[in-house]
Amino acid sequence: MSSSAEYPASNRTWQIIHNARKGGYAVGGFCVYNTEGVLAVIKAAERCRSPAMIQFFPWTMHFQGPEFIRYAADVAHKASVPISVHLDHCLKPEDADQALECAFDSIMVDGSLFDEAESIAYVKSVVDRAKAKGITIEAELGRMEGGEDGLPTIDLETVWTDPEKAAQFVKETGVHFLAPSFGNVHGPYPPGGAEKHWQLDRLEKIHKAVGDETPLVLHGTHPLSDKMVQVAMDHGMVKVNQNRNVRNGYHQYVEENAAKVELTTLQTQGVEIYSQGVERLMVEVFKSAGKA
Ligand SMILES: [Zn+2]
């Protein structure tokens, strides 16, 4: 990591995402909840020489506390490949206040509970304060429906991202990465899946309107075929969030072995199986393997 660059180019997440954009591959943002998740992402990334992002929800800040974020940042930053630590879906302003004091490299600010003007003010206030901390900011414009483990389910009306408003939003807030709403949902998808519900023409227009300086982030990947992830990458998605997909094997292993083996074996073997799920995506789908 170059430390001589000026903010935001000095930021670890910024470097990881822009290197992926320039290199024509995607970087995985892996949502994790426990130590095994942190270690699995690092193990997979080091084994296949891929950059990666470890993501938490605000739930982790409250349940395990800022000390656990510090631990994750320490082990991630000591890895032999570039790995950053990111906070996903910061819905509440008080969570953003706390997150700015934690060891995050980047924060996703989600103003989807607010109206448009309030959302811009919320995002901008975090962007302005993050600069002094060297933290970069991802924001959602529009509103995706659904929910995932650790997040409240958003049951307000979906708002698709308007391409022209997206460019204006980036300008007004100064946000570094943009998560658009173009028919993607936080799983599960309604019948027909992403194939039916994604508006790729809208995504294309958003990509053109915001330009390469503001890379796009894909949310709503559960479930999603490898092919649709690649379609999204072809339409400008550089960071691809992943949650449950990569740890199905881990859950199955824990379920089958929790009462049978020692906890040390359960954790060691659990991390190994978890990391295989992460690695498969890095190699087969994101094409980020070998890029670090
Ligand atoms: Zn999301």
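## Strand pairing around β8

Two strands are taken to pair if DSSP finds at least two bridges between them; helices (H or I, at least four residues) and strands (E, at least two) are DSSP runs, numbered from the N terminus. The structure is a predicted model, in which local features need pLDDT of at least 70 and side-chain atom pairs count only at pLDDT 80 or more, while totals for chains, interfaces and linings use all residues. Residues are numbered from 1 along each chain as its sequence is written, and side-chain values use heavy atoms, with hydrogens and water left out.

Strand β1 (residues 27–31) runs parallel to β8 and is joined to β8 by four bridges. Within this pairing, G28 stands opposite V240 in β8. Strand β7 is also parallel to β8, with three bridges between the two; here V217 has K239 in β8 as its bridge partner. Together, β7, α10 and β8 make a right-handed β-α-β unit (right-handed: with the strands pointing away from the viewer, the path from the first strand over the helix to the second runs clockwise). Strand β8 itself, residues 237–242, is mostly covered, since six of its six residues are buried. Buried denotes under 20% relative accessible area, exposed over 50%, and partly exposed the range in between, with a 1.4 Å probe and protein chains only.

## Surroundings of G29

G29 is located in strand β1. Its relative accessibility is 0%, so G29 counts as buried. Leaving aside residues up to four places away in sequence, G29 touches M53, Q55, K239, V240, N241 and Q242, where contact means heavy atoms within 4.5 Å. The C-alpha atoms of G29 and G134 are separated by 19 Å, and these residues are 105 apart along the chain.

## Zinc site

The zinc ion is coordinated by NE2 of H89, NE2 of H186 and ND1 of H219, at 2.0 to 2.1 Å. Along the chain, the donors follow the spacing H-x96-H-x32-H. H186 lies in the loop between β6 (177–180) and α8 (193–197), and H219 in the loop between β7 (216–218) and α10 (226–234), so the pair ties together parts that are 33 residues apart in sequence. Donors are N, O and S atoms within 2.8 Å of the metal (3.2 Å for Na, K and Ca); water is not among the atoms, so sites may look incomplete. Both H186 and H219 are buried.

## Aromatic pairs

Rings of Phe, Tyr and Trp (its six-membered ring) pair if their centres lie within 6.5 Å; planes under 30 degrees apart count as stacked, over 60 as edge-to-face and the rest as tilted. By this rule the model contains nine aromatic pairs. For Y250 and Y274, the ring centres are 4.8 Å apart and the planes lie at 35°, so the pair is tilted. This pair links distant parts of the chain: Y250 belongs to helix α11 (residues 248–257) and Y274 to helix α12 (residues 263–286), 24 residues apart. Y250 and Y274 are both buried. Elsewhere, ring pairs link Y33, F57, W59 and F63 into a cluster.

## Salt bridges

A salt bridge is a side-chain nitrogen of Lys or Arg within 4 Å of a carboxyl oxygen of Asp or Glu; the count by this rule is 12 salt bridges. D212 forms one with R21, the closest N and O atoms being 3.9 Å apart. D212 lies in the loop between α9 (200–210) and β7, and R21 in helix α1 (residues 12–23), so the pair ties together parts that are 191 residues apart in sequence. D212 is partly exposed at a relative accessible area of 43%, and R21 is partly exposed at 23%.

R47 and E279 meet through their side chains in a salt bridge (2.9 Å, N to O). The pair links distant parts of the chain, with R47 in helix α2 (residues 35–47) and E279 in helix α12, 232 residues apart. R47 has 39% relative accessibility and therefore counts as partly exposed, whereas E279 is buried, with a relative accessible area of 19%. Both residues belong to a network of salt bridges that links K43, R47, E272 and E279. Helix α12 also holds R280 and E284, which are four residues apart and separated by about one helical turn; their salt bridge has its closest N and O atoms 2.9 Å apart. R280 is partly exposed at 34% relative accessible area, and E284 is partly exposed at 43%.
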